[in-house]
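Thanks for coming. I have one structure to go through today, so please have a look at it first.

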Amino acid sequence: MILARMWHTVRGERRFRTSVQVFRRAKRFRDEGRFEEAAALVASGLLLDPDNVVGHLLAGSLHAMLREMGKARTSFERVLALEPTHPRALLGLARIALEEGDTGACTDLVTRALARYPDFPEAKAVLDVARSLPASAAAKRPRSLEQSAIRADRLRLPAESRETLLARADATLIFAQPRGLRTEEVAARATKLARIASAMLARAGLGDSLNHAVIEGAAETTYLRADGETVLMLSFSGDAKVATALAHLERVWVNCRSELARQAAPNRVA
C-alpha cells in the first residue's frame, strides 16, 4: 500500500506520497501557465486515485485550455458521474456547449449549476450570454464580410504575428489573415468569450465591456482588444515580449478603427 501511494516525477526530482500533493502542484503549474506540465501531473495523480473529483475537474479545465474539447467533455462528464450536481463540471460543459452554438444545452447546464450554487458569478455571466443569443444560433454559421473590404496594407500588421482576426460583436467576420476553413468558427468563439468576460466584469462592477485581454495557450499567446462593438485578436509565439505585442495590438487597433470609419463614411464626390 505504501508503494502504491508513491509517485515520482519523470526526472526523479520530487517524490509525492498522495494524489492531493500531485493535484496541488498541478494547480500551481496551471496558474503559472504551464498547462502541459500540469496535465501530465494530473494524469499521474489520477493513476493513484482514479475517482478523484478534483483531479478530473482539473483535467477538464486543462484540456479546455489546450483546446482538447472532446477530452475536456469526457473529464467533466466523469466528474458528474461521481458528483451529479457539481457546479464547476456543469459550467465546464456549459461553456463547451456555448462554443458549439448549442445555447439550449448551455442554458440547461448553467441553470443546474446555479440551482446547486446560486452565488456563482461565472455561471451567471455565461447564462447572460446564452440568453442574449438567438435561440437558433446553433443552426446558423457566422456571417462574414468580404475580406477585400479591409486592405491588409492599411492595417500595418506585424510580421511576427501568427494570426490576425477582426470581427463584430455578433461574430460577423470582418478581416482575417491567414483565413482558413475554421476562421469563422474561431471568430465566433472569440466574440463569445469577449461577451462572457464583459458580462462577468459588469456583474463585478468593473465596467460594461471588456477592453483588453491576454489569452495564454500552450504554443502561442493571443492579445485581444475590444470596445463592445468590435473585437480584434493578434496571436504571437509564446516567447514574444508582452510590451512589444501590446504595442502592435494598439497600432493595429487604431488602423482597424480608421478603416471601419472610412468604409462607413458616405462616398464623396472628388
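I will start with a term I need later: contact means heavy atoms within 4.5 Å. A second one is that helices (H or I, at least four residues) and strands (E, at least two) are DSSP runs, numbered from the N terminus.

Now the provenance. This is a predicted model, in which local features need pLDDT of at least 70 and side-chain atom pairs count only at pLDDT 80 or more, while totals for chains, interfaces and linings use all residues. Residues are numbered from 1 along each chain as its sequence is written, and side-chain values use heavy atoms, with hydrogens and water left out.

The overview is brief. The protein has 10 helices and seven strands. Of its 270 residues, 41% count as buried, where buried means under 20% relative accessible area, exposed over 50% and partly exposed in between, with a 1.4 Å probe and protein chains only. Among contacts between residues at least 6 apart in sequence, 53% join residues at least 24 apart.

The axes of α2 (residues 35–48) and α3 (residues 53–65) come within 9 Å and cross at roughly 150°. Axes here are lines fitted to C-alpha atoms, for helices over the stretch in contact, and angles run from 0 to 180 degrees between N-to-C directions. That angle makes α2 roughly antiparallel to α3; under 35 degrees counts as roughly parallel, over 145 as roughly antiparallel, 65 to 115 as roughly perpendicular and the rest as oblique. The crossing of α2 past α3 is left-handed, meaning that the near helix is turned anticlockwise from the far one by less than a right angle, with clockwise being right-handed.

Which residues meet there? On the α2 side they are Phe-35, Ala-38, Ala-39, Val-42 and Leu-46, and from α3 come Gly-55, His-56, Leu-58, Ala-59, Leu-62 and Met-65. An α-helix has 3.6 residues a turn, so residues three or four places apart point the same way. The buried residues of α2 are Phe-35, Ala-38, Leu-41, Val-42, Ser-44, Gly-45 and Leu-46. Phe-35 has a relative accessible area of 8%. Between Phe-35 and Ser-61 there are 9.7 Å in space, C-alpha to C-alpha, at a separation of 26 residues in sequence.

On helix lengths, the expected span is 1.5 Å times one less than the number of residues. α2, with 14 residues, reaches 20 Å from its first C-alpha to its last, close to the 20 Å expected. α5 (residues 87–99) has 13 residues and reaches 18 Å, close to the expected 18 Å. α5 is mostly covered, with 10 of its 13 residues buried, including Leu-90, Leu-91, Leu-93 and Ile-96. Just after α5, Gly-101 takes a positive phi of about 85°. In α7 (residues 121–132), the end C-alpha atoms are 17 Å apart, which agrees with the 16 Å that its 12 residues should span. Buried residues in α7 include Val-126, Leu-127 and Val-129.

Next, the sheet. Five strands form an open sheet in the order β4-β3-β7-β6-β5, with antiparallel pairing. Two strands pair if DSSP finds at least two bridges between them. The edge strands are β4 (173–177) and β5 (212–216), each pairing on one side only. From one strand to the next, the twist averages 15°.

How many bridges join β5 to β6? There are five, and the two strands run antiparallel, with β6 covering residues 220–226. Val-214 stands opposite Tyr-223 in β6. β6 and β7 form a hairpin with three residues between them, and Gly-228 in the turn has a positive phi of about 95°. In β6, six of the seven residues are buried.

Two backbone details to finish. Most residues other than glycine have a negative phi, and most peptide bonds are trans. Arg-156 has a positive phi of about 55° although it is not a glycine; it is found in the loop between α8 (152–155) and β3 (163–168). The peptide bond from Gln-177 to Pro-178 is cis, with omega near -5°, and Pro-178 is found in the loop between β4 and α9 (183–203).
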